[in-house]
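Reader: I am new to this structure. Please take a close look at one part for me, and then connect it with what lies around and beyond it.

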Amino acid sequence: MDSFFSIYVWPAIVMIAQSLLLLVCLLVFIAYILLADRKIWAAVQLRRGPNVVGPFGLFQSFADLLKFVFKEPVIPAGANKGVFLLAPLIAVTLALATWAVIPLNQNWVIANINVGILYVFAISSLEVYGIIMGGWASNSKYPFLGALRSAAQMVSYEVSIGFVIVTVLLCVGSLNLTDIVNAQHDGLGTMLGLPASFLDWHWLALFPMFVVFFISALAETNRPPFDLPEAESELVAGFMVEYGSTPYMMFMLGEYAAVVLMCSLTTILFLGGWLPPVDIAILNWVPGIIWFLLKAGFVFFMFAMVKAFVPRYRYDQLMRLGWKIFLPISLAMVVITAFVLKLTGWA
């Protein structure tokens with residue numbers, strides 16, 4: 001009985017506790033990322049942004065949460081009630097489930113599986129189902145059109161993201177996310193005789209892929225300038241037209257969880273994860289989680305700034321960019337990367 005408890009029950013209790021801790025921290029972080037998004041956008045327009053609820057507006061996101069929770073959910077008479085309510089639940093559950101394999105520091109991960117990046121890619125690919133279900137179950141042509149546009153957009157840019165990930169895997173030789181970060185201890189910089197630094201991270205060796213991944217991440221998460229599924233001037237709120245109160249909040253929570261996930265993946269794949277910018281004692285004393293959060297925050301700042309200075313694409317331009325530009329570039333980079341690794345023996 002003791003062995004059963006120690007082998008099965010106790011590890012399950014520990015994993016559940018770790019998952020709850022991660023989810024609470026993640027949801028609080030998303031609340032402040034949402035506030036940061038509004039503050040950055042306001043600063044670009046020379047406005048103050050949210051500044052009333054709490055000191056400097058720090059509690060604005062929590063006030064919005066209470067507003068959504070206490071509003072009455074309205075379900076259209078012709079809607080498929082079960083699917084209508086299930087769609088936002090699926091969207092937010094899948095967006096949060098991917099975090100089970102994201103390492104925030106050395107050994108700071110709930111499930112350190114050897115196919116971590118494959119798990120993330122598989123779960124994030126399923127997120128399109130929540131959007132399609134929400135658009136179809138609303139029983140209205142406007143959300144259905146928005147859902148179709150969103151599904152086509154997400155599928156198109158997942159192809160490019162997949163090839164970008166392949167180039168990183170060719171360089172690392174592992175699907176484990178912790179191994180991908182640790183592989184960036186040495187790279188182009190150390191080959192040139194320099195000390196271990198940010199020059200060893202994959203952003204330099206795979207710079208075209210870094211750019212493709214960043215732009216594809218914007219399109220995958222429906223961020224401006226690729227926010228066509230919910231463009232206010234065109235579709236009101238896209239597939240979320242008929243949603244309000246808590247179901248609407250869950251869709252938005254899933255969207256921002258996906259945005260933070262893409263920022264974290266960019267950090268892990270290209271920016272060295274929790275590694276310090278230069279491998280010296282004073283920077284190594286800083287906990288790895290701090291470096292990880294700073295890098296992910298910087299990537300999100302770039303996400304927010306793109307919204308400010310890039311005009312929205314037309315839908316045909318969006319599809320042309322994904323299929324006629326990014327797909328050939330990423331395919332070519334996979335071949336070039338494999339060729340260079342084989343030629344030089346670095347593989």
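Author: Start with a definition. A residue is called buried when its relative accessible area is under 20%, exposed when it is over 50%, and partly exposed in between. Keep in mind that this is a predicted model.

Now take Phe59. Its relative accessibility is 42%, so Phe59 counts as partly exposed. This residue sits in the loop between H1 and H2. Which residues does Phe59 touch, leaving aside its neighbours within four places in sequence? The contacts are Tyr32, Val53 and Gly54. Ala31 is another residue to look for. It is 28 residues from Phe59 along the chain, and the two C-alpha atoms are 8.8 Å apart.

Asp64 and Arg38 form a salt bridge, with 3.1 Å between the closest N and O atoms. Asp64 belongs to helix H2 (residues 60-70) and Arg38 to helix H1, so this pair ties together parts that are 26 residues apart in sequence. The two partners fall into separate classes of accessibility. Asp64, at 16%, counts as buried. Arg38, at 36%, counts as partly exposed.

Why can such pairs form at all? Side chains of opposite charge can pair when their charged atoms come close.

Asp37 forms a salt bridge with Arg223, and the closest N and O atoms are 3.0 Å apart. Asp37 lies in helix H1 (residues 2-44), while Arg223 lies in the loop between helix H9 (207-220) and helix H10 (232-235), so the bridge ties together parts that are 186 residues apart in sequence. Asp37 is buried at 3% relative accessibility. Arg223 is buried as well, at 4%.

How many salt bridges does a search of the whole structure find? It finds four. One of them joins the side chains of Arg314 and Asp316, at 2.9 Å from N to O. Asp316 has 46% relative accessibility and counts as partly exposed.

Disulfides are another matter: the structure holds zero. Cys263 shows why. Its sulfur is 18 Å from the closest cysteine sulfur, in Cys25, too far for a bond. Cys263 is buried, at 2% relative accessibility. Cys171, at 30%, counts as partly exposed.

Helix H3 (81-97), helix H4 (116-137) and helix H11 (245-270) each supply at least two lining residues. H11 gives the most, with six. By class, this lining has nine nonpolar, four polar and three charged residues.

The second largest cavity holds about 50 Å³ of space. Among its lining residues are Val120, Phe121, Glu158, Glu220 and Met262. H4, helix H5 (141-172) and H11 are the elements that give two or more residues to this lining. Its classes are six nonpolar, one polar and two charged residues.

Terms used. Residues numbered from 1 in each chain as written. Predicted model: local features only at pLDDT ≥ 70, side-chain atom pairs only at ≥ 80, totals over all residues. Heavy atoms only, no water. Helix = DSSP H or I, 4+ residues; strand = E, 2+ residues; numbered from the N terminus. Buried < 20%, exposed > 50% of the residue type's maximum accessible area, 1.4 Å probe, protein only. Contact = heavy atoms within 4.5 Å. Disulfide = S-S within 2.5 Å. Nonpolar A, V, L, I, M, F, W, Y, C, P; charged D, E, K, R; others polar. 1 Å grid on protein atoms, 1.4 Å probe; cavity = no way out; pocket = protein on both sides within 12 Å on 5 of 7 lines; lining within 4 Å. Points joined across faces, edges and corners; volume = space filled by probe spheres on them.
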